[in-house]
Amino acid sequence: MLSFVLSRSFCQVVTEANRRCYPAFGSIFRTFSTSSPKCDEASDDGSVVTYSELKTMLASHNIQLFDVRNPDEYQAGHIPQAVNVPLDNLEESLQLSPELFEQRFEVKAPTKADDNIVFHCKSGSRSIRALGIAHQLGFSKARHFKGGYSEWVDQEGKLIK
């Protein structure tokens with residue numbers, strides 16, 4: 001347990017120091033710092049959306065749901081109301097002007113103050129990386145659906161195409 005806490009703390013310190021000192025290398029370093037489960041697995045601090053929370057948000061249309069899977073995965077089936085923003089394009093996309101974001105994705109651009117931004121992928125590993133990118137860009141209230149599309153299909157028993 002102690003090694004887990006130390007690993008997570010060290011990762012957070014290194015990531016923060018990197019962000020402050022070497023902003024040009026941020027996206028390169030982020031790839032390595034978020035690929036280790038020890039840095040992000042314990043981030044169940046309110047940043048994780050459960051299946052039932054996701055259903056409630058979808059029913060009330062109070063969600064900006066971003067599917068960070070590849071376009072072919074999205075086309076094979078996706079959660080209703082999800083907008084496909086592949087992980088490889090996420091950082092650039094979140095930095096677009098609101099007008100360009102809306103042109104590209106045909107939805108309102110998220111703002112840093114929004115508390116209804118949710119990322120998902122197939123099983124949670126890409127969405128936790130997306131969450132890290134969003135948080136570093138100032139979208140501090142963004143969350144992710146840890147179970148991803150796999151849990152959605154398990155619960156819903158159908159594909160939305």
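This is a predicted model: local features need pLDDT of at least 70, side-chain atom pairs count only at pLDDT 80 or more; totals for chains, interfaces and linings use all residues.
## Confidence

Residues 1-10 have a pLDDT under 50, and the model gives them 7 contacts beyond four places in sequence.

Over the chain, the average pLDDT is 80, and 70% of the residues score at least 70. Of the chain's elements, strand E3 (residues 83-84) has the highest mean pLDDT, 98. The lowest mean, 39, belongs to helix H3 (residues 37-40).

## Asp114

Asp114 sits in the loop that runs between helix H7 (98-105) and strand E4 (117-120). Asp114 has a relative accessible area of 14% and is therefore buried, the cut-off being under 20%.

Two polar contacts involve the side chain of Asp114: one with the side chain of Gln64 at 2.8 Å, and one with the backbone nitrogen of Thr111 at 2.7 Å. Apart from neighbours within four places in sequence, Asp114 is in contact with Gln64, Lys108, Ala109 and Lys141.

## Positive phi values

Glu106 lies in the loop between H7 and E4. Its phi is near 60°, a positive value in a residue other than glycine. Glu106 counts as exposed because its relative accessibility is 70%, and exposed means over 50%.

Gln81, in the loop between helix H5 (71-76) and E3, has a positive phi near 75° and is likewise a residue other than glycine. With 37% relative accessibility, Gln81 is partly exposed.

Note on methods:
Residues are numbered from 1 along each chain as its sequence is written. Side-chain values use heavy atoms; hydrogens and water are left out. pLDDT is the predictor's confidence in each residue, from 0 to 100. Helices (H or I, at least four residues) and strands (E, at least two) are DSSP runs, numbered from the N terminus. Contact means heavy atoms within 4.5 Å. Buried means under 20% relative accessible area, exposed over 50%, partly exposed in between (1.4 Å probe, protein chains only). A polar contact is a pair of N or O atoms within 3.5 Å; within protein, one must be able to donate a hydrogen and the other to accept it, and residues adjacent in sequence count only if both atoms are side-chain atoms.
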